[in-house]
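User: I am new to reading structures. Could we go through one feature at a time?

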2 protein chains.
Amino acid sequence: MQKIVLIKMIFLLCLGCSTEPQADTKKISGDSSMSHDSLMQTMNQERKASIKTLGVLVYEGVNDLDYAGPLYVLGQLMGVERKLVSLEQGPIRTVMGVELTPDATIDEVEQLDLLIIPGGARGTILASYDEKLLNWIRKIDRNSLYTASVCTGGWILAATGLLEGKKATTNWYRAEEMLQKYDVQFVAERYVRDGKYWTAAGVTAGMDMALAMLEDLRGFDYAQAVMLDMEYDPAPPIRGGSPEKTRPGVTKMMTAMYDQGVLPLLDSLDYSRIR
Amino acid sequence: MQKIVLIKMIFLLCLGCSTEPQADTKKISGDSSMSHDSLMQTMNQERKASIKTLGVLVYEGVNDLDYAGPLYVLGQLMGVERKLVSLEQGPIRTVMGVELTPDATIDEVEQLDLLIIPGGARGTILASYDEKLLNWIRKIDRNSLYTASVCTGGWILAATGLLEGKKATTNWYRAEEMLQKYDVQFVAERYVRDGKYWTAAGVTAGMDMALAMLEDLRGFDYAQAVMLDMEYDPAPPIRGGSPEKTRPGVTKMMTAMYDQGVLPLLDSLDYSRIR
């Protein structure tokens, strides 16, 4: 992704867009007790590691919020280079039909400090059987600070073998059995950290995970600044969002719908692998 | 956006992607007491209006989550045609640097049942002074069922004059004064509905608003199905997300940062308008 020039950066810092702290050392006007510098000092005092590169995997059918949530949160790490990384050249369509042009392919990316693997549907399942992609993830993981997945992106990460014997979470749908296939222990949490591996539950859980990663990397104030920037004080209009909080009939129907799409595809892929 | 063929649709229905109900009339296997049809009947019984077209405005510097949140939620209305609508031809970059290719320009879109106006930074302010865009919004609004904004997208909607004398919300930053400019009464709520106008607070509030719209349009079960699909049972890792819940020093710094980008631009635009 192209580097942001200073003037663009100033606006990036504004208006629900980015809290990436400015290099500017000017005093904040009208508040002589608190200079920009001293605030930045506070924001960065718990800085744990220098994060220079953030890569978010995308592919045909990637879930729009799975990739955009963590990108929005972690893309606000000061000075980070953000990249959408895809399997092949050319534009892709998200599950909501948005046409994205990724910044690089897996052939072009050798190193990432943070790797995020989002979920989706058909494309996610295909990705979890794509040896070239799995090898790329293993390679990036060798030198990453954190390797993370969101939603069914956990199926891809688990398929690399990197989570073997570890605790993880994923989308609620058949979560335990999908992870057990790869000897991963499912934990029913919003997000799970096991060593350098972070995994989030379905879709919007990626934002909670990314904020926890941000707090871990840069401390409370930095994470709170980004939360304020994204006005993340959620107030869902109705109860729901997990099988426990959803009417059983609705959960059953959703499971049945997912089954109709997922199970035949998984069967055919397992079959072609065995063959 | 291209129409989704059946096989793609089945997968769209699966795995954290879409709960758009299927036309399939098969019984759900293993649950003879509940057919897919009867479930769909329940899901649609509170159906209020037929929503055929959803348009989400995008522009250079649009906030990634402002547009993707409502698109993800409302894009799951059964049979809806989703469009990203931009000011001009060609790809744009979101505030996080993602390259998107919109589906149509405002010159090509004459009618939308639902219009969503997301926020951003520099591009949002410029848009709120763009008479061609404001006229397009007024035109679409004449026949829309709902016209809505997210975050600073409320500044654009307010600039059309359509919210005059109405209640609305927007991003927390200088919210009251930004709306007062256009004789709009700021209400400090997560989202506000006044007649056909829906407005959301900053960024992630767009998801809460969109879910409330979905419930209004299709009822509780439908909204709960989409909430489960997006596993929207939020658990922010730390307290925050609104000025009230944020450390005063952090809020002050964010306000000062926003001021540095916003105020000079607003001044220059007001100046050029007067001139």
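User: What rotation superposes chain B on chain A?

Analyst: Bear in mind that this is a predicted model. Chain B is superposed on chain A by a rotation of 180° with 0.0 Å of shift along its axis, and the RMSD is 0.0 Å. The two copies are therefore related as by a two-fold rotation axis. Within chain B, Leu100(B) has the C-alpha nearest the axis, 2.4 Å from it.

User: Why do the copies meet through the same surface?

Analyst: One looks at whether the interface residues of one copy are interface residues in the other. Here 98% of the interface residues of chain B are also interface residues in chain A, so the surface is the same.

User: How many helices and strands are there in chain A?

Analyst: Chain A has ten helices and eleven strands. Of its 275 residues, 57% count as buried. Contacts can also be sorted by separation along the sequence: of those in chain A between residues at least 6 apart, 65% join residues at least 24 apart.

User: Into which domains is chain A divided?

Analyst: Domain 1 of chain A covers 48–232 and domain 2 covers 242–275. Their centres, taken over C-alpha atoms, are separated by 22 Å. Six residues of domain 1 of chain A are in contact with ten residues of domain 2 of chain A. On the domain 1 side, the touching residues are five nonpolar, no polar and one charged.

User: Is Asp208(B) buried or exposed?

Analyst: The way to decide is to count neighbours; 20 or more other C-beta atoms within 10 Å make a residue buried. Asp208(B) is buried because it has 23 of them. Asp208(B) is found in helix α8 of chain B, residues 205–218.

User: Which residues does Asp208(B) touch, not counting residues up to four places away in sequence?

Analyst: From chain A, Asp208(B) touches Pro234(A), Ala235(A), Pro236(A) and Pro237(A). From chain B, Asp208(B) touches Arg190(B), Tyr191(B) and Ala200(B).

User: Where does Tyr232(B) lie?

Analyst: Tyr232(B) lies in a loop of chain B, between α9 (220–229) and α10 (248–274). Leaving out residues up to four places away in sequence, Tyr232(B) touches Thr204(A), Pro236(A) and Gly241(A), together with Met207(B) and Met227(B).

User: What distance separates the C-alpha atoms of Tyr232(B) and Met257(B)?

Analyst: These two residues are 25 residues apart along the chain, and their C-alpha atoms are separated by 31 Å. For Asp208(B) and Asp107(B), 101 residues apart along the chain, the C-alpha separation is 30 Å.

Key:
Residues numbered from 1 in each chain as written. Chains lettered and ligands numbered in written order. Predicted model: local features only at pLDDT ≥ 70, side-chain atom pairs only at ≥ 80, totals over all residues. Helix = DSSP H or I, 4+ residues; strand = E, 2+ residues; numbered from the N terminus. Buried ≥ 20, exposed ≤ 12 C-beta atoms within 10 Å, placed from the backbone. Contact = placed C-beta atoms within 7 Å. Domains from an automatic or database assignment. Nonpolar A, V, L, I, M, F, W, Y, C, P; charged D, E, K, R; others polar. Least-squares fit on C-alpha atoms with pLDDT ≥ 70 in both.
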